[in-house]
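Got your viewer open and a way to select residues by number? Then follow along, one selection at a time.

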Amino acid sequence: MTKQINGLKSGTTLSGADPLLDFRNFLYLVWLHLNLTKPTKVQYDIAHYLQHGPKRMVIEAFRGVGKSWVTSAFVCWLLYCNPQLNILVISASKQRSDDFSTFTMRLIFEMDILAHLRPGPDQRCSKVSFDVGPARASHAPSVKSLGITSQIAGSRADVLIADDVEVPNNSDTHLKREKLSEQIKEFDAVLKPGGRIIYLGTPQSEQSIYNLLPDRGYQVRIWTARYPDPERQAKYGARLAPMLVRELDRDPDLVGRPTDPERFTAEDLDERELSYGRSGFSLQFMLDTSLSDEDKYPLKLSDLIVMGLNPGKGPAEVVWSSAPDLTYEQLPMVGLPGDRYYRPMFISKDWVDWEGSVMFVDPSGRGKDETSWAIVKMLHGILFATKINAKRGDGYSDETLMTILRDAKEQKVNLILVEPNFGDGMFAQLLRAKSQVHYPVTIEDAAWSKVQKEARIIDTLEPIMNQHRLVVCSSVVEWDYSSTTSYGQEDMKNMRLFYQMTRITRQRGALAHDDRLDALAGAVAYWNEFLARNTDKAVADRKQELLDAELASFMETVLGRSDDLPRWF
């Protein structure tokens, strides 16, 4: 019989009883060949959806479930059923799509059941573009891999697979997301009539492009790492995999447990949540992009004042405004939707010496964390963040210590505060030894509060930012964005100060990394305490003035005016 597969007429005659008509059976053979245990129930469910799903579909599944491997097997199965198909694989990077096609080709060459699909001597045969044996002559190869920034126009495909086209590097700013949104529109131009587009992905931000696809006619299906609670299930709506919904209906006690314990146990997921942070875990494993609720994120970039600053002097007065014409559009934006940087509405012409300059250092040991430091100056009750810097690796290295002191000297820092909860004060001792030679400056252990870190940071920064009393140098914003471009995709955004600032919540472990934000909060906290002390002193001085005036009045009433008294009195 001639089998209709996903609306694509097969050129292969298969028996109606052939078990390989069910892709799940074929997937089992692939896993057997790879010496893996049998596919998990989630992998089988994804396989069933790949075979029977609509022409426009989005598969969102938690990281590590193996959706790309399953889909590579699906490509082999499609070609097994119909060798005349043309399949185009597109990923964020060319390397990623090449890996997909290479794995697919290896399956064809290694599995005996696919031997008839191996390219002939006169056919294309490379990891980026290859034909299958029975394929007729065509401009388009049987399988071709491209990067999202490659020349897509001119390609033709019956099935287009977009495998992780959204990654942190191409979606961490509003402009990049807009560009990516336009690039994926090109997919329809290369698709043959009646063809399919299959997205495989994991959201990389709260404004994921996958959220736009339902408006373009795509059906989204989500497989979460844990069974969601009713509140989160309501957010997913019809997008949550029906298999998970049925299981929850049968046993509501499944909430919070792993959906695929053969892949990830409860303990494993707990460890990953600690590693990613709550917000990162919600995106990567629970596929929850509803995190843009402003109430969860109290720190807004729009509350900052952004302008150019210099190390020696500051403006006597600066006034905040959120007028549209003051939007600082030239700076890279990593905030939540609608958040913006703003230039000041008014800057005094008088620039005067700073009243003080403080550096706060948050040391790190060896590993992925950064030793971060922030320099915040004060003038007339306004705080100015003039410099942020960070070094990854050994926080005790001479290079790190010298860079800290060079920044302190350049910025004319009066006081360096060191996070005390590290190495029992050893970092401060090492820094003092270096400073005696290179830049003599007072170095103290900071009197940081012992309350929960997230609450401490928010309680420090939120009041100052809400009052628009924190000014940030524009060069700090530019440095913060460019400083992580050499990091891995996972750390590229998580290490940025302003990403940390706009994603922190009061939940413990809300951020995967908070080094830069912690350093900024530490410097601001010093000035908060300084201003509070000055206010208390001003109140005490005023009370003393009033008391002195009252005593003077009493003396004048009782003894008369002082100039009438004898000189000896």
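Predicted model: local features only at pLDDT ≥ 70, side-chain atom pairs only at ≥ 80, totals over all residues.

Start by selecting residues 1–15: pLDDT stays under 50 there, and the model gives this stretch 39 contacts beyond four places in sequence. For the protein chain, the mean pLDDT is 87, and 90% of the residues reach 70 or more.

Residues are numbered from 1 along each chain as its sequence is written, and side-chain values use heavy atoms, with hydrogens and water left out.

**Stop one: α1 and α2**

Select residues 23–33 (helix α1) and 41–52 (helix α2), which pack at an angle of about 130° with their axes 9 Å apart. Helices here are DSSP runs (H or I, at least four residues) and strands are too (E, at least two), numbered from the N terminus. Axes are lines fitted to C-alpha atoms, for helices over the stretch in contact, and angles run from 0 to 180 degrees between N-to-C directions. So α1 and α2 are oblique to each other (under 35 degrees is roughly parallel, over 145 roughly antiparallel, 65 to 115 roughly perpendicular, and the rest oblique). Their crossing is right-handed, where right-handed means the near helix is turned clockwise from the far one by less than a right angle, and left-handed means anticlockwise.

Show the side chains next: F23, R24, L27, Y28 and W31 of α1 touch Q43, Y44, A47, H48, L50 and Q51 of α2. By class, that contact has seven nonpolar, three polar and one charged residues. Nonpolar covers Ala, Val, Leu, Ile, Met, Phe, Trp, Tyr, Cys and Pro; charged covers Asp, Glu, Lys and Arg; the others, Gly among them, are polar.

**Stop two: α3 and α4**

Pick residues 67–81 (α3) and 94–110 (α4): they pack at about 50°, axes 9 Å apart, which makes α3 oblique to α4. The crossing of α3 and α4 is right-handed. On the α3 side, look for S68, W69, T71, S72, A73, V75 and C76, which meet R96, F100, F103, T104, L107 and I108 in α4. Eight of the residues in this contact are nonpolar, four polar and one charged.

How many aromatic pairs are there in the whole structure? A search finds 20 (rings of Phe, Tyr and Trp, its six-membered ring, with centres within 6.5 Å). Zoom in on W69 and F103: the ring centres are 4.9 Å apart and the planes at 35°, so this pair is tilted (under 30 degrees is stacked, over 60 edge-to-face, the rest tilted). W69 in α3 and F103 in α4 are 34 residues apart, so to speak linking distant parts of the chain.

**Stop three: α12 and α13**

Go to residues 398–410 (α12) and 426–438 (α13), packed at about 60° with axes 10 Å apart. That makes α12 oblique to α13, and α12 passes α13 in a right-handed crossing.

**Last stop: H380**

Find H380 in the loop between β17 (370–379) and β18 (382–392). H380 has a positive phi of about 55° although it is not a glycine.

Methods
Contact = heavy atoms within 4.5 Å. pLDDT = per-residue confidence, 0-100.
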